[in-house]
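Visitor: I would like to learn how to read a chain like this one. Please take me through it feature by feature.

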Amino acid sequence: MNRSSLAIISVTMLMASFVSLSCSAPLLRSATQIPRLSKTLPKTFSCPLWSSSFSFCLHRPTKHTVSLISAGFCTVPSSKMTSSVDDSLDSNPLLGDFDFPPFDIVEAKHVQPGIRELLRRLEGDLVELERTVEPTWPKLVEPLERILDRLQVVWGIVNHLKSVKDSSELRSAIDEVQPDKVKFQLRLGQSKPIYNAFKAIQDSASWSSLSDAHKRIVEAQVKEAVLNGVALEDQLREKFNEIEQELEKLSQKFSENVLDATKKFEKLMTDINELEGLPATALGLFAQTARTKGHENASAESGPWIITLDYPSFSAVLQHAQNRTLREEVYRAHISRASQGDLDNTPIIDQILKLRLEKAKLLGYNNFAEVSMSMKMATVQSAENLIEKLRNASWDPAVKDMEDVKKFAAEKGAAEANDLSHWDVSFWSERLRESKFDINEEELRPYFSLPKVMDGLFNLANKLFEIKIEPADGFAPVWQPDVRFYCVKDASANPIAYFYFDPYSRPSEKRGGAWMDEVFSRSTVLARDGSKVRLPVAHMVCNQIPPVGGKPSLMTFREVETVFHEFGHALQHMLTKQDEGLVAGIRGIEWDAVELPSQFMENWCYQRDTLLSIAKHYETGESLPEEVYQKLLAAKTFRAGSLSLRQIRFASIDLELHTKYIPGGPESIFDVDQRVGSKTQVIPPLLEDRFLCSFSHIFGGGYAAGYYSYKWAEVLSADAFSAFEDAGLDDDKAIKETGQRFRDTILALGGGKPPLEVFVEFRGREPSPEALLRHNGLLPVAA
């Protein structure tokens, strides 16, 4: 969750613009969807702002909140900051003293003065650290964590708001101070006194006696300092810094162009006949969008309707619209986002790839993929090997998938049956699925209302991990009225974590996709008000259809999987027992292992007791009929080969562009995509396909030379779930025991141990791809 690098919190992570953990589930499920904005992913590792490391902090402002770290009850905190003599800064909410970020009152006008004053203070802290640094934990790691964490919280607030409440004013304010932030990050990342102190710990006689977590912190900091250019000579370091500044600007501009291009497309429809086949939920969404665009009397029944490229809108058209011309128009608009005019990302991609290669060469690597892999489980070769093995296992089933769809379309008299195009596949696949399994996804929506889904998800978490999740709305300021806030308690009813949940699509201000971010991490160093540890806080963000016409948000099964996915990320963050803040929760976990708990949680959507607990009709309370559950189970592997190939295409083009591609060479980025597409798509991509221009995972997020991580971690997650299958999914006692073991290892140890060791501690052996291939119905082909 952007989505969100998840290496040890460091300057390298900060340089990634706080990439968050974004959802992979819809990418895996929809054959027409391109990658969601990522792991897009802003990454936030936030904390309470006040820090005793600030020598200039002569007094603490009077607080109007209880300590949320130690409180076991809920009171409503005030987000109003106490003023002091200098109103221009002390009244700035980004610089105030609070228990939770004041999301409700931060405005664009606060960004420039707040960030610049923060950086001034942090520079003073850094100078003091370099002056007094010693190769000991109290004199090195603890003050460094305070500096990093303080920057994370403030920048995390504004970056998060940019993702969920975007505005031109906020963009301009961030653009203004971003170079100053990057300059400080580079200054910190290239600090030789800090680097030398970590090296001294690594070379000391006491090294062997350090804990696993301490060793992991030191090793990562040494490695990341080198990746930050600490060893470069003056002229080369200056060039390196120029590259980093430019990459930061380009990445941000890429994401802004994607958002603006997505918002720019609006298709006004006035004839209901042109929308034949679309379900009532889609028509209601289109009408609601029209009302927000000035058509005050728009209704689902009589229109007018506005179609957008926001996922709930465009996916409904591609899956259900009988109007083939409309499907083609929406599909072409989607694959050409941010590829034309002022929003054209093509030159930005070219420059990003050129600069990444230059950066790799400066650091002594052959290509950027080697730089990326230096902090991951995989090597370039092992990642390529896995992707090729999965491609081979998926190709023949994908060809069979397409033959089945063509045959079905022909049986239904479709004129296009013998020459299906990309805008036909999703439509006819959905009709085939409905026919083969007698399942209509839209007809299932009434059984998946958001409140029931969340209740069932929380009950599952209680069953597996012995935690209780309670609403705590009003306990913390939120950025939008629909945002929910929850408290997580252990078996003794003690608070152990909190999280926000922002579920609904808001195309005018909120980027697409789904993601999880940190707000606070667990940390003993940053504990306050007499508590022993600072508790973790997360936020989960989705983009599903909001309540329409007095009905609750009614979800597709894919959206249910998405919520489970993001909650898996949040669980690893919130249930950590690691007290070292630099490796607590998802911090310090290699990127290609971090999707394990998220993809693991998706498996529970198909487990009978879990599914029937969440699938209750929103009006009658009737449970999903048993026969429908059995059909859902049977449909689980429908078109698994095709959907696997889609992920493999993304991973392959990512690796190709960051290993073999030569910027400015004989091939363009689109030539490379065509070449890769010919091996990973049964219907080759259109020549005018420009999906790379909106591939935010690798150009606007943290997945550069890392998209393979979804498949790498899927091997781990499927094998982890198979431990529950081995124990017996109907055996409550065995499930609880296995769940406790999963919590004590995968969810608890954070980045304090190498992920392979953590997996072996849970599973008792190294991972095997057998479970993934079995779950996807691909095992016989692979064998």
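**Strand pairing**

Visitor: In β5, which residue is the bridge partner of Lys468?

Guide: Lys489 is the bridge partner of Lys468. Before going on, note that this is a predicted model, where local features need pLDDT of at least 70, side-chain atom pairs count only at pLDDT 80 or more, and totals for chains, interfaces and linings use all residues. Residues are numbered from 1 along each chain as its sequence is written, and side-chain values use heavy atoms, with hydrogens and water left out.

Visitor: How do I read strands and their pairing?

Guide: Strands (E, at least two residues) and helices (H or I, at least four) are DSSP runs, numbered from the N terminus. Two strands pair if DSSP finds at least two bridges between them. Here, strand β4 (residues 468-471) pairs with β5 in the antiparallel sense, over four bridges. On to β6 (residues 495-504): β5 pairs with this strand over six bridges, again antiparallel. Lys489 has Pro495 as its bridge partner in β6.

Visitor: Which residue takes a positive phi in the hairpin of β5 and β6?

Guide: Ala493, with a phi near 70°. Five residues lie between the two strands of that hairpin.

Visitor: Why is β5 largely enclosed by the rest of the structure?

Guide: Start with the term. Buried means under 20% relative accessible area, exposed over 50%, and partly exposed in between (1.4 Å probe, protein chains only). β5 spans residues 484-489, and five of its six residues are buried, so the strand is largely enclosed.

Visitor: What about the chain as a whole?

Guide: It has 783 residues, and 63% of them are buried. There are 30 helices and eight strands. Accessible areas come from the Shrake-Rupley method with a 1.4 Å probe; for residues, only the protein chains shown count as cover. The accessible surface of the chain is about 28,000 Å², with 50% belonging to carbon and sulfur atoms.

Visitor: Is His539 buried or exposed?

Guide: Buried, at a relative accessible area of 0%. His539 sits in strand β8 (residues 537-544). Its side chain makes a polar contact of 3.4 Å with that of His160. A polar contact is a pair of N or O atoms within 3.5 Å; within protein, one must be able to donate a hydrogen and the other to accept it, and residues adjacent in sequence count only if both atoms are side-chain atoms.

Visitor: How many salt bridges does the rule give?

Guide: The rule first: a side-chain nitrogen of Lys or Arg within 4 Å of a carboxyl oxygen of Asp or Glu. The count is 64. Take Glu430 and Arg433, whose closest N and O atoms are 3.0 Å apart. Both lie in helix α16 (residues 422-437), three residues apart, about one turn of the helix. Glu430 is buried at 2% relative accessibility, and Arg433 is buried at 9%.

Visitor: Which salt bridge links distant parts of the chain?

Guide: Arg649 with Asp689, at 3.9 Å between the closest N and O atoms. The two are 40 residues apart: Arg649 is in helix α23 (residues 640-659), Asp689 in the loop between α24 (669-680) and α25 (696-699). Arg649 is buried at 3%, and Asp689 at 2%.

Visitor: Which residue meets Glu656 in a salt bridge?

Guide: Arg675, at 3.0 Å, N to O. Glu656 lies in α23 and Arg675 in α24, so the pair ties together parts 19 residues apart in sequence. Glu656 is buried at 14%; Arg675 is partly exposed at 34%.
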